[in-house]
Amino acid sequence: MKERVILELEKVTLPEGLTEIPVAAFNQASKLKKVNIPSTVKSLGLGAFQGAGLTNITIPANIESLGYGTFRDMKDLTTIIIEGNVEIPGYALRACTSLRTVVFEGDDVTFAGRGMIITNKENGDGSAVTVYVANETVKERLIASDTASKDYGGYKIVVGSKAVSTASDLIAELNNGSAVRLSNSISTPATLKAPYGNYAGLIQKGGLLDGMGETLSVTGGGETYAIMTYGGTIKNLVIDYG
């Protein structure tokens, strides 16, 4: 009965004081869409979220250890952010078929020797995934550890991207051709001068804009654009234009 209840859960609120999310705690909880990880939690057990239905998850810096296959088979997962300097275990993100964005914010992240095999298809293709790392050291460790991924299409690694939370910062970074990630949804009017007398909400001059599943709302009418681009990549972004 307990297992059946967990599998049917859509939202879980865990209490402060909890120190561990145990082995297979939310295994195959495919309807689960929201869960908090309290600041007191130090470890996630083997397969803790394997097969869970979350679309995005942030692993806070208080987590000191992750179990083998922690997030594997999460078919709806598009974005995962790991904030701390934790060792990433083997098969942590295998067969996450919707995966688009992985962020390692720590500057001293390590990886288990067997590798994570970051993939977004059943057969292991990771070519649609972008992995953000803090520095070249973490990048080199990732490449050395996850060698098996090279047999499955690989993935793009970006060093030193910036998370932005305001329209003004986003406009400035895109103007510089930077790699940026949205940390929340952003709204902006279409007031930037575009060619032929038109206006745009954003102007992208190369670089990379990863929406992290957030929404860009652009207001304006007539001959205006949500984004005027002069090259670069836009991914994982919901655009609300009106």
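1. Where in the chain does Thr119 lie, in terms of the strands on either side? In this predicted model, Thr119 sits in the loop that runs between strand 10 (110-111) and strand 11 (130-133).

2. The side chain of Thr119 comes to 2.6 Å from the backbone nitrogen of Ala95. Ala95 is also one of the residues that Thr119 touches, and the others, leaving aside residues up to four places away in sequence, are Leu93, Arg94, Cys96, Leu99, Gly124, Asp125 and Gly126.

3. A separate feature to look at is the open sheet of 3 strands, which has the order 2-4-6 and parallel pairing. Its edge strands are strand 2 (20-21) and strand 6 (65-66), each of which pairs on one side only. Strand 4 (residues 43-44) runs parallel to strand 6 and is joined to it by 2 bridges, and the bridge partner of Leu44 in strand 6 is Leu66.

4. Which residues of helix 3 (residues 167-175) are buried? They are Ala167, Leu170, Glu173 and Leu174, and these lie on the same side of helix 3 because they cover an arc of only 130° around the axis. In general, an α-helix has 3.6 residues a turn, so residues three or four places apart point the same way.

5. The cover over the buried residues of helix 3 includes strand 13 (162-164), strand 14 (179-182), strand 15 (186-189), strand 17 (199-204) and strand 18 (208-210). Just after helix 3, the backbone of Gly177 takes a positive phi of about 75°.

Methods
Residues numbered from 1 in each chain as written. Predicted model: local features only at pLDDT ≥ 70, side-chain atom pairs only at ≥ 80, totals over all residues. Heavy atoms only, no water. Pairing = 2+ DSSP bridges. Helix = DSSP H or I, 4+ residues; strand = E, 2+ residues; numbered from the N terminus. Polar contact = N/O pair within 3.5 Å; in protein donor to acceptor, adjacent residues only side chain to side chain. Contact = heavy atoms within 4.5 Å. Buried < 20%, exposed > 50% of the residue type's maximum accessible area, 1.4 Å probe, protein only. Arc of directions from axis to C-beta.
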